[in-house]
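Trainee: Hi! Could you walk me through this one?
Mentor: Happy to, let's look together.

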Amino acid sequence: MRIQIIGGSGTGKSTLGEYFAHREQIKWIDTDSYLWKDDTFLENNPIEIRREMYQRDISSNKCYVVSGSIFSWHPDGFSDLELLVFLSLPENERMDRIRKREISRKTGKQSWLDEHGLYTNDFIEWCKTYLTETDKSQGGTYVAQRYEMELSQSPILQLDSSKEVEALYDEIKQYLRINLNRLS
């Protein structure tokens, strides 16, 4: 089983990926671990290091679930999937989740109140561009993820991530059961 979960920041990719991996007893790959040097989320790993980490994971795991994308720095990565899952969430709910997560992380990033009096920082301001960015080379944006789905050779399942994680897991399992049996 090889599944990748993509979607905007705050849609629950990591939560669902970790849950799915635990339930299926397979490797969970969080692409944030490739991107960031540590859990302060302040400094990126160089692309060569990311590619080494990716190669190590791929060569040592036949079954896995991936949370996130590496498409912007490794377009051929995770190309042998059984399923690509795209999570969506109403924008106000997604931004609320991101703000709560940023506050709980206390990453030390400079923060301020935005024009609506809401907590913000550079990361949150970037997240606000998810739907409006038009350059598909800008990873982590809707336009980039749409492009990734257009090029995908694997089936794509789109899910509303406002549902409970167990319900999302069940939808993926049902999809796989129905569609993989059809292909066999």
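Mentor: On the other side of helix H3, Glu 48, Arg 56 and Ser 59 are exposed, meaning over 50% relative accessible area with a 1.4 Å probe and protein chains only; buried means under 20%, and partly exposed is in between. This is a predicted model, where local features need pLDDT of at least 70, side-chain atom pairs count only at pLDDT 80 or more, and totals for chains, interfaces and linings use all residues. Residues are numbered from 1 along each chain as its sequence is written, and side-chain values use heavy atoms, leaving out hydrogens and water.

Trainee: Which residues of H3 are buried, then?
Mentor: Arg 50, Met 53, Tyr 54 and Asp 57. Seen down the axis of H3, they fall within an arc of 100 degrees (taken from the directions from the helix axis to the C-beta atoms), so they line one face of the helix.

Trainee: What do they pack against?
Mentor: Strand E2 (27-30) and helix H2 (32-35). Helices (H or I, at least four residues) and strands (E, at least two) are DSSP runs, numbered from the N terminus.

Trainee: New topic: is Arg 99 buried or exposed?
Mentor: Arg 99 counts as buried because its relative accessibility is 11%. Arg 99 sits in helix H4 (residues 91-105).

Trainee: And what does Arg 99 touch?
Mentor: Leaving aside residues up to four places away in sequence, Arg 99 touches Asp 114, Leu 118, Tyr 119, Ile 124 and Lys 128. Contact means heavy atoms within 4.5 Å.

Trainee: How many helices and strands are there in the protein?
Mentor: The protein has 7 helices and 7 strands.
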